[in-house]
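Visitor: Could you walk me through this one? I have some questions about how it is put together.

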Amino acid sequence: MSGADVAGVAPRVRTWRAFRANPLGMVSVGMLLLLVMVALAAPLIADYPRGYGDDVLAAPSSAHWFGTDNLGRDIFAQVVWGTRTSLAVGLGASALAIVLGVAVGVGAAYFKRLDTALGMLVDVMLSLPVLPLMILVAALAGPSVSTLVVVIAVFSWPEVARVVRSQAMPVVTLSFVDAAHVMGAPNRWVLVRHILPAVSPVITVSVVLTASRAVLSEAGLSFLGLGDPSSWSWGTVLYNAQRSGALSSSWWTALFPSLAILVLVVAATLCSLAYNDARNPRNRQDAIR
Amino acid sequence: MALLRFAGVRVLRGVLTLWFAVSVTFFLVRLLPGDPALAIASPTMTEEQRAHLLAEFGLDQPLLVQYVTYLGELVQGNLGISFRQSQPVLDILLERLPWTLILTSSALVVTLAIGLPLGVLAATHRGGAIDRAVQIGGVVGQSLFVPTVGIALLYAFGLGLGWFPIGGAIDSDVYGLEAYVSMLRHLVLPCLSLVVLQIGAYVLTLRTNLIDALGEDFCNVARAKGAPERTVVWKHALRNALLPTTTLVGLQLGFLVGGAVLTETIFAYPGVGRAIYESVGQLDFPVMQGAFVLLAATVVVANLITDLAYGVLDPRVRAT
Amino acid sequence: MTRMRRRAASHRIAVVLSAAVVAGLAACVPAEPGDEDGADDSGSGEAGGELAIGTTADVVNYNPLVGNSRTDTWITNLMYPSMMTLNDDAEKVPALATEWGYSEDGLTAWIEIRDDLQWSDGEALTADDVVFTIEAVASEQLGTVAGMIGSYESAQAVSDTRVEFTLNRVDGAFLNSVGFWMPIVPEHVFSQAQSVADFANDSDWVSAGPFVLTQVERGQRYVMEKVDSYPLGEDGAPNVDTVVFRVYPDVNTEVLALRSGELDLIANALPPSVADDVSTDDELETYVVPSLGWAHMQYNMRRQPLDQVEVRRALAHAVDYEAVRQVALGGHAVSANSSILTPTFPKWMDESAEEYEYDPQLSRQLMTKAGFDDADGDGMFDGVDLEMIYDSGDPNISSWAELVRDQAAEAGITISLSGLERNTYLARTDERDFDIYAGSWAVIDEPQSNFNLLFAPDGFINYAGVNDPEVNRLLDDAASALTVEDARGPLHDLAAIVTDQVYDNVMYVEEFTFAASAEWTGFVPKPSELLSVVNPQSLASVRAAD
């Protein structure tokens, strides 16, 4: 066991304790878990929404909790199954963005020669209006879930890279990393052994945040008609409502998928806020006081 | 000298950013599977007509030649010709740009005007009900889906209460003061939806920074000297908290301008963002590309101006 | 120093924002009109009022001979008159033209036009304008009209009101096609450009319709003022003073604007669910018109097993057409009796046509007869998996595509759906790369000539790959018939073959619903979304309700 690990365990436990003490954080984690469960158990909760129903644009009732859409399909079922696609797109895009972002962020922190160039690339990407770029790419590549994942990831990684870089920077200059170098340890070993563990807490937060933003982006793209028409996502449900003109007359067609998005993004944001609070010792003291 | 050097570096950076934006879109459009050539040529065309059309738009040249030509034209302010409207892309977009500028800048002004006091309020009432409400409100605002908010606003304030017009940016045949009033009335709802969307980021960042600053030594010193808390917050802490908050403006500008696509579409506001939506439907790639370049340029120029203005006013910044 | 810094932050923001706002405002606030503009406006009083019309897109092309998007046509149609228009039975009736006909041998055609129309700049509209227009279309191959006048040789203005066309073959649809589809443009304006195709026509418009475009604010509105005299209107002039087209990219916002009274009329057809909702609103009036085309599936006969007529019949009997119309279109469609001669055109319609019956059992029998079986006992015929392509942007077809797939499954036939982005969809249809094609024709108004494009071996929208000598013979007979009576026989025979062989599976004829404020009356709705309620005749006669 190296020194870094011993030192790393204790604050992690402390962070977790502080996190558990925050009701907001726990509630938001609960919500996220609930959404994941809904996504996994979708077939048990509702039938896959297909075909058509007799009751067109019916308001919410005991038969249809969230009402029906313009073809009489149950919106509750759409939202439940949409959780699956939306979460899949969110997590897929976030995973890809994290891999890219961590690679660039750690690379920039570790290889000093790359830092300026990579830093500039990140700055440039961050300052550009991303949604129009996503629209452009999605319009060209054609609508499908995989396109969405790639498109969203390709334009989300700079955020991750920025955070990871700032987290990795101090670690690189720590004495044990230098010591490892002096002892002739290869770069890879230093990266895996010291730097990745150091940045892993930020990565956890990033996964949640990036995924929730990806879900919002997915909804935006789908709403513009660039989503995957053959699978239900929250964005698809909203797009159907928009295209059928139901938005202006049947509030339930838009409200429930929007609420689902809201719950996910709010929970993810609160979760990361609570985690950051818990990890920051000064805040913790404040909280106790 | 230092100022000149600072300005030079910033301008160079802005140019670099623009070049990057231009190149990315250029190669994306040409290398991705969706074929722009297919978009302008209709199935009813003969092989000959198609070739002629491709030549007309320069799409038959090697990629690098097209790229150099495109950059050359761009420097001269030429963004190409629209596939659908036989009109220069720049003409089409310049007509739209002022509206996007008005919408986004007014949204930014309102956001800051409301966001700063709210941030201070939350930080000074830390842990209290106000703090909680502001934080949750900010997070919820960030997480809303723009079109839903837009339709809800239109439904409530446009159709229900009739306070604001539905769609458009200004009435016809209004002049002078009346024109400004009309413009304002059309601006309120789309502006509001953008404010709701981005205010959370400002409030939350300012709150965190302010809390940090309030715990710093210089604030404690000020308190020890007997300065009232009001003075400590507004004079000493806020000054330091604003610095990192302003860098957020730079980061949020891209987001704000991007958000204009959905907002302008829902509110039928005639800006550049809506031009993007429309050109997607018509597969008008030059317009799409041009609109993106123009939006990127807007962000770059806005960032540049703030950077330079800031550099002139605050010598500390020049060092970085 | 410290004061400086604090001010810096607020300055930084203030500088940028004020610059942007000032720049924006300065560019957007209209200047006071000068005297030369103001003079004309004073003349138009408040008598007729202003009609605000919602449209979904900006005008792409002001040149009516080049642009052919529907949204463009709504505006250009009000300025450049067609020689014929449609009545409720979708028959060509006089507009600018008063009479027309063919010579005995069918190689000469003539049109007589009105003598009382003039362009809004005072020039008379004469036969020369007609000749100029068709010459430009033919020599520069402009727009869709160019494809309809293959038989055109030359035109001559024999008097101010009479045009004679020389044809290179007998073509019974020539006059109707030219008369309906070709807007007449002013020679004295359009001849200024080197070629008509290059004439942008984006300012100083000249109109021979009820209104003339006077002001354009792209992304927002197109303002059209009434002309002094419009003999085709009921009272010799339009009733409303001003027509304003306002652009709403989102139909939901557009409907809200109609309800709030900011719009008086929506030019585009409403989605079915909105149409139902709006028809219960007392303050709104709805108008229903049929499509001039049809929605259909075509089976690619270049491929197995669709080259077997049994398989095509099996597919045709595996669709519940009534359910498609009721559910996917919310009842806003009528049956075409599975015939390409749809009820929209009573003069062509064949009363004896009958719709394919929805009968999964019959489909199964037909499949068995075609040599398929279900050896693995999963309820589906083995070795059959048909790919059906459609434009995923088309809300109606994306809705019924799923129904069709599920119903085919009842009959043991597997259909895989490929909802494609429009560009890809067009490319695939162009390459005939599909098993089943689902789509719709917007306008098929002249069966005599249009059917050639659909069913002749080299027809460019012959997606199914029809190549049938009997069909070819009937196509020729119909094309060369100079009267409805002569054309009807071959067309009926042709339609019967198409139905029997399932060369084209016509599913329904859509009905479009338009909505207008009940404060206006006198609209003249015409078939198709193209003419809608915003056709010249309609807008010339609309007036405020009492």
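Guide: What follows is a conversation about chain C, its domains and one of its sheets, and then about chains A and B. Please keep in mind throughout that this is a predicted model.

Visitor: Okay, chain C then. How many helices and strands does the secondary structure come to?

Guide: The secondary structure of chain C comes to 19 helices and 20 strands. Its radius of gyration is 27 Å, close to the 24 Å that the globule rule gives for 546 residues, so chain C is as compact as a globular protein of that length. Along the principal axes, the C-alpha trace of chain C spans about 85 × 85 × 50 Å.

Visitor: And what percentage of the residues of chain C count as buried?

Guide: Of the 546 residues of chain C, 53% count as buried. As for the contacts in chain C between residues at least 6 apart in sequence, 70% of them join residues at least 24 apart.

Visitor: Which domains does the assignment give for chain C?

Guide: The domain assignment gives domain 1, made of 23-270 + 525-546, and domain 2, which covers 294-510. The C-alpha centres of these two domains of chain C lie 35 Å apart, and 16 residues of domain 1 are in contact with 14 residues of domain 2.

Visitor: Which elements of domain 1 give two or more residues to the side that touches domain 2?

Guide: Those elements are α6 (174-181) and α18 (528-531) of chain C. Of the elements on that side of domain 1, α6(C) gives the most, with three residues. By class, the side of domain 1 of chain C that touches domain 2 has eight nonpolar, five polar and three charged residues.

Visitor: What else does α6(C) lie across?

Guide: Helix α6(C) lies across β4, β5 and β7 of chain C, and its direction runs at about 35° to β5(C).

Visitor: Tell me about the sheet with those strands. What is the strand order?

Guide: It is an open sheet of four strands in chain C, with the order β4-β5-β7-β6 and antiparallel pairing. Because β4 (97-102) and β6 (152-157) of chain C stand at the edges, each with a single partner strand, one side of each is left without a neighbour in the sheet. The twist averages 15° from one strand to the next.

Visitor: How many bridges are there between β6(C) and β7?

Guide: Strands β6(C) and β7 (residues 162-167) of chain C pair over five bridges in the antiparallel sense, and within that region C:Q156 has C:E164 in β7(C) as its bridge partner. Helix α4 (residues 127-140) of chain C also packs on this sheet, where it touches β5 (108-113), β6 and β7 of chain C, and its direction makes about 160° with that of β6(C).

Visitor: Switching to backbone geometry, which residues does the cis peptide bond join?

Guide: The cis peptide bond joins C:Q304 and C:P305, with omega at about -5°. C:P305 lies in the loop between β13 (294-299) and α10 (309-316) of chain C.

Visitor: What about phi of C:D204?

Guide: Phi of C:D204 is near 45°, which is a positive value in a residue other than glycine. C:D204 is found in the loop between α7 (187-190) and β8 (211-217) of chain C.

Visitor: Is C:D204 buried or exposed?

Guide: C:D204 counts as exposed, because it has 10 C-beta neighbours inside 10 Å, and the cut-off for exposed is 12 or fewer. In chain B, phi of B:A268 is near 50°, again a positive value in a residue other than glycine, and B:A268 sits in the loop between α10 (229-266) and α11 (272-282) of chain B. B:A268 counts as buried, because it has 27 C-beta neighbours inside 10 Å.

Visitor: Now chains A and B. How many residues does the contact take from each?

Guide: The contact takes 38 residues from chain B and 33 residues from chain A. On the side of chain B that touches chain A, α10(B) gives the most, with eight residues. By class, that side of chain B has 26 nonpolar, twelve polar and no charged residues.

Visitor: And from chain A, what does A:S258 touch?

Guide: Leaving out residues up to four places away in sequence, A:S258 touches A:L238, B:F145 and B:T148. A:S258 lies in helix α12 (residues 251-279) of chain A, and it is buried, with 25 other C-beta atoms within 10 Å. The C-alpha atoms of A:S258 and A:L216 are separated by 9.7 Å, and these residues are 42 residues apart along the chain.

Terms used: Residues are numbered from 1 along each chain as its sequence is written. Chains are lettered from A and ligands numbered from 1 in the order in which they are written. This is a predicted model: local features need pLDDT of at least 70, side-chain atom pairs count only at pLDDT 80 or more; totals for chains, interfaces and linings use all residues. Domain bounds come from an automatic or database domain assignment. Two residues are in contact if their C-beta atoms, placed from the backbone, lie within 7 Å. Ala, Val, Leu, Ile, Met, Phe, Trp, Tyr, Cys and Pro count as nonpolar, Asp, Glu, Lys and Arg as charged, and the others, Gly among them, as polar. A residue is buried if 20 or more other C-beta atoms lie within 10 Å of its own, exposed if 12 or fewer, and partly exposed in between; C-beta atoms are placed from the backbone. The radius of gyration is taken over C-alpha atoms; the globule rule is 2.2 Å times the number of residues to the power 0.38. Two strands pair if DSSP finds at least two bridges between them. Axes are lines fitted to C-alpha atoms, for helices over the stretch in contact, and angles run from 0 to 180 degrees between N-to-C directions.
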